[in-house]
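Here is a short report on one protein chain. Keep the sequence and the 3D view open while you read.

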Amino acid sequence: MSEQNPGLLTSLAMEGQKSANKTYSLLSLAPYSQPETSPIDSMNRTSTREYKQFDSSFSHEVIVGTRGYFRNAVLSFAVEALKVKHVVVMGHYGCGGVAESMMPVKTPLSRPADVAVQGWIQPIREIYQTSTRPEIVAHREACKLEPMSQVPHLHDPAFRALVEENVKSNVQKIAKSAVIRDHYADVTLTNGDGPTIPSTSGKARVTEVYIHGFVYDVETGKVSDLGVSVGPPGRILPASPFPLIESGTSSS
């Protein structure tokens with residue numbers, strides 16, 4: 001790709017998300033066992049919606065509740081009907097929603113579009129405001145002295161860290177969702193517990209689902225593993241096809 005289109009990836013990374021069609025997903029049911037497969041190709045085949053946050057809540061509020069039902073329905077269908085084995089939470093550096101969540105909120109929010117966007121990215125803003133990851137803490141402290149007037153640069157350490165922390169947060173949300181907790185209980189009941197599936201069993205085995213957190217670098221075209229994969233209790237996690245990234249820790 002770089003030979004055929006010199007500078008393409010760098011341009012995409014620097015100019016941000018301005019395409020007419022949005023096909024990338026934070027939550028993707030992407031193939032996991034083929035490292036040579038383009039992550040964009042994988043996501044295009046499996047999902048056409050973009051999620052900055054996985055919301056499993058069944059809130060009384062119509063908008064949030066509907067969103068929660070929809071995403072749980074997608075996850076349920078994937079796990080129970082399609083027998084998906086790997087759920088991939090794929091973030092990407094340079095994410096416009098993450099960048100906006102680091103900016104001061106422009107008040108008053110009078111336009112419906114502004115209200116919708118701010119509500120959409122509020123969970124990421126909360127990660128930014130509460131994270132103990134050093135890069136993000138340093139950025140918050142600096143902004144107390146001089147509030148941001150423009151979105152962070154692609155290579156801003158805090159920006160990149162927040163992309164990663166958002167992925168980690170969503171992996172945990174999916175793992176703790178009612179759909180996955182119920183599925184894991186069924187796995188233990190049917191397949192048994194322990195590090196591996198028993199070699200012999202008279203019962204049909206339940207597909208074992210693993211949840212992974214990856215981050216895609218648009219500038220280089222490379223995918224990295226954040227090392228936060230989750231699987232059924234007691235099971236050995238499968239080897240990752242992507243290199244493990246050295247990222248900081250956070251209590252967010």
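## The model and its overall layout

This is a predicted model, in which local features need pLDDT of at least 70, side-chain atom pairs count only at pLDDT 80 or more, and totals for chains, interfaces and linings use all residues. Residues are numbered from 1 along each chain as its sequence is written, and side-chain values use heavy atoms, with hydrogens and water left out.

The chain has eight helices and four strands. Helices (H or I, at least four residues) and strands (E, at least two) are DSSP runs, numbered from the N terminus. Read from that end, the order is α-β-α-α-β-α-α-α-α-α-β-β.

Of the 252 residues in the chain, 43% are buried. Buried means under 20% relative accessible area, exposed means over 50%, and partly exposed lies in between (1.4 Å probe, protein chains only). Now take contacts, meaning heavy atoms within 4.5 Å. Among contacts with a separation of 6 or more, 66% join residues 24 or more positions apart.

Start with strand β3, residues 210–217. Eight of its eight residues are buried, so the strand is largely enclosed by the rest of the structure. In a regular strand the side chains alternate between the two faces of the sheet. Both faces of β3 are covered. Y210, H212, F214 and Y216 are on one side, and I211, G213, V215 and D217 are on the other.

Which strands pair with β3? Two strands pair if DSSP finds at least two bridges between them. Strand β2 (residues 86–92) runs parallel to β3, with seven bridges. Here V88 stands opposite H212, and H92 has Y216 as its bridge partner. Strand β4 (residues 222–225) pairs with β3 in the antiparallel sense, over four bridges. In this pairing, D217 stands opposite K222. β3 and β4 form a hairpin with four residues between them. In the turn, G221 has a positive phi of about 80 degrees.

β2 is mostly covered too: seven of its seven residues are buried. H86, V88, M90 and H92 are on one side, with V87, V89 and G91 on the other.

Helix α5 covers residues 112–130, 19 residues in total. From first C-alpha to last, α5 reaches 27 Å, close to the 27 Å expected at 1.5 Å a residue. The expected span is 1.5 Å times one less than the number of residues. The helix has a kink of about 50 degrees at Q122, shortly before the proline P123. The bend at a residue is the angle between axes fitted to the seven residues ending there and the seven starting there.

Q118, I121, I124, R125, I127 and Y128 are the buried residues of α5. They pack against α4 (96–101), α6 (134–145) and α7 (157–175). Look at I121 in α5. I121 is buried, with a relative accessible area of 1%. Beyond its neighbours within four places in sequence, I121 is in contact with G97, E100 and S101. I121 and E100 are 21 residues apart in sequence, and their C-alpha atoms are 7.9 Å apart.

## The nonpolar cores

A nonpolar core is a set of buried Ala, Val, Leu, Ile, Met, Phe, Trp, Tyr and Cys residues joined through side-chain atoms within 4.5 Å. The largest one has 37 residues, and L162, I180 and I211 have the most contacts inside it. Elements giving two or more residues to this core are α3 (62–81), β2, α4, α5, α6, α7, α8 (178–191) and β3. α7 gives the most, with nine residues.

I180 is in contact with L75, V79, I174, A175, V209 and I211, leaving aside its neighbours within four places in sequence.

## Two residues listed by UniProt

Which residues does UniProt list for "binding site"? The unreviewed entry gives H92 and C95. UniProt positions follow the numbering used here, feature names are shortened, and annotations may be inferred rather than shown by experiment.

H92 lies in strand β2, and C95 lies in the loop between β2 and α4. Are they buried or exposed? H92 is buried, with a relative accessible area of 14%. C95 counts as buried at 5% relative accessibility.
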